Amino acid sequence: MIELAASYVAGKWVTSTAATTVEVASPTTGEVLGTVGIAGDDEVSAAVAAARSALPAWAQTSPAERGAALGRLADVLTARKGELADLATAEIGSPRSWSTFGQVITATGVLRAYAAITPDHPFTTSRPSMTGGVVDVRQVPVGVVGAIVPWNTPLFIAALKLGPALAAGCTVVLKPSPDAPLTFGVLMEAIEEAGIPDGVVNVVNGGAATGELLTEHPDVDKISFTGSTAVGARIAASCGSRIRRCSTELGGKSAAIVLPDAPLEKTVAGLVGGVMGNNGQLCAALTRILLPRSRYHEYLTVLIAAVTALTVGDPADRSTDIGPLINKAARDKVEGLLRRARDEGATVLTGGERPDRPGWFVTPALVEATNDMEIAREEVFGPVVVVIAYDDISEAVSIANDSRYGLVGAVWSADEEHAATVAAQLQAGSIAVNSTAVLDFGSPFGGFKQSGIGREGGPEGITGFVEYQAIIR
């Protein structure tokens, strides 16, 4: 049983006497895994004050020192990757066969990328002035960052925020999801072991009310949020009314275009992995598969077989492909979308059923639909993939771009150059060619349209955590 206090402030877990606690239960069995305190105004204010107090000293450290600290943090987390993967499997239901890479190695990869990028990042540059002198352009830390992290890949998303924020010289207050806070106990131990000074990284636990306290706190300089588009819109509006910096990484309904020459078996294996990872609970899942009508039934037959063959079961068993959804509300949402899809005329080709076992399970589903149906337009966040037929490449591009989202995409073809040409026509932040690798640790990640504002990852990620200052002389 893990017990976490309501907040981690300046190197210590702290709970006020008035704080309440909630239980964290396994989505697989319902077993209580731990308890966590709920941060109120006192805890949030204390965490923000600690970050504010630590800011001057951290901002004045050299980029080389900050990069080295991020490298040490990656080393500590790598040493505990088995423990962290087990925790993600228990707390979130991530299949153990997926969690080491999807939950831990991705996080350490981001931190190592920033360890390499930070020492040489151009925090100060000089250029000739238009008036004949010199202009020094400085990138200075934006200040105290409130970082709101979702439950589906908490360590990875925390790293996507900590990496560029700490590289820029900012201090951070993390707000985990109440569905998956336990990982942050290990993360804070790793922060301490890596020698990152007290107050540079703090935590406040809780739900929406705690998030609002952090978002609205007058001494927070920027909010970085990852989660649903609806909540992101409210946070962006709150920040806008306060002229507060804000970046958001939101929902997705991403498309994978299969070109007519794509090799059948390799493509199908990649497509299934691209949508079913972490039980389909990924914002970057490729949930719309666009198949050429000329080979539609050929691809579809293999897709049905591949989805049907996925093993549903205990996520701690390394032979399991699909574990549970995070909670009852998530399962209800998936089942509701599938029910309405049938009502609209879509065909559920396989899956979408409750297996006879405890936990919040839905068998992986493949749905034949058109792009105007709800199932093809709304984020499901479960093991559900939609297949849509197209006649020519221009129609495929049009279907892929006909979405309010624009997070990621993929194009599959025997001709890599042709696939890259098609990829460049997609309205999405990251597009993979012949793979599902929609994130490169050293490159920017974020979305077009309602998939968010700003970028995380790479040197472009650092620019979201700095203010530009020009000194003209």
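Predicted model: local features only at pLDDT ≥ 70, side-chain atom pairs only at ≥ 80, totals over all residues.

Let's start with Ser-129. It is found in the loop that links strand E6 (124-128) to strand E7 (134-141). Is this serine buried or exposed? Ser-129 is buried, because its relative accessible area is 12% and the cut-off for buried is under 20%. Its side chain makes a polar contact of 2.8 Å with the side chain of Thr-131. If you set aside neighbours within four places in sequence, Ser-129 is in contact with Val-134, Val-135 and Ile-472.

For contrast, take another serine. Ser-53 has its place in helix H1 (residues 41-60). With a relative accessible area of 59%, Ser-53 is exposed.

Leu-259 is found in the loop between strand E13 (255-258) and helix H9 (264-276), and at 1% relative accessibility it counts as buried. Not counting residues up to four places away in sequence, Leu-259 touches a list of residues that includes Pro-292, Tyr-299, Tyr-390, Trp-412 and His-418. Its C-alpha atom is separated by 9.0 Å from that of Asp-392, a residue 133 places away along the chain.

Glu-456 is in the loop between strand E22 (452-453) and helix H15 (458-463). This glutamate is buried, with a relative accessible area of 5%. Which side chain does Glu-456 meet in a polar contact of 3.3 Å? The partner is the side chain of Ser-224. Ser-224 is also among the residues that Glu-456 touches beyond four places in sequence, along with others including Tyr-114, Lys-161, Glu-249 and Phe-445.

Next, the aromatic rings. A search of the whole structure finds two aromatic pairs. One of them joins Tyr-8 and Trp-13, with 5.2 Å centre to centre and 65° between the planes, an edge-to-face arrangement. Tyr-8 is buried at a relative accessible area of 2%, whereas Trp-13 counts as partly exposed at 29% relative accessibility. The rings of Trp-151 and Phe-381 have centres 5.7 Å apart and planes at 90°, so this pair is edge-to-face too. Trp-151 lies in the loop between strand E8 (144-148) and helix H5 (154-168), and Phe-381 lies in the loop between helix H12 (374-377) and strand E17 (384-390), so the pair ties together parts that are 230 residues apart in sequence. Both Trp-151 and Phe-381 are buried.

Most residues other than glycine have a negative phi. Phe-381, however, has a positive phi of about 60° although it is not a glycine. Asn-278 also has a positive value, with phi near 55°. Asn-278 is found in the loop between H9 and strand E14 (288-292), and at 1% relative accessibility it counts as buried.

Two arginines lie over phenylalanine rings. The charged end of Arg-66 sits over the ring of Phe-123, 5.2 Å from the centre of that ring. Arg-357 lies over the face of Phe-361, at 4.7 Å from the ring centre.

Finally, step back to the whole chain. Its secondary structure comes to 15 helices and 23 strands. The radius of gyration is 23 Å, close to the 23 Å that the globule rule gives for 473 residues, so the chain is as compact as a globular protein of that length. Along its principal axes, the C-alpha trace spans about 65 × 60 × 40 Å. Buried residues make up 57% of the 473 residues. Among contacts between residues at least 6 apart in sequence, 73% join residues at least 24 apart. The chain exposes about 17900 Å², and carbon and sulfur atoms supply 54% of that area.

Conventions:
Residues numbered from 1 in each chain as written. Heavy atoms only, no water. Phe/Tyr/Trp six-rings, centres within 6.5 Å; stacked < 30°, edge-to-face > 60°. Buried < 20%, exposed > 50% of the residue type's maximum accessible area, 1.4 Å probe, protein only. Helix = DSSP H or I, 4+ residues; strand = E, 2+ residues; numbered from the N terminus. Lys NZ or Arg CZ within 6 Å of the ring centre and 35° of its normal. Polar contact = N/O pair within 3.5 Å; in protein donor to acceptor, adjacent residues only side chain to side chain. Contact = heavy atoms within 4.5 Å. Rg over C-alpha atoms; globule rule 2.2 N^0.38 Å. Areas by Shrake-Rupley, 256 points an atom, 1.4 Å probe, with all protein chains shown as cover.
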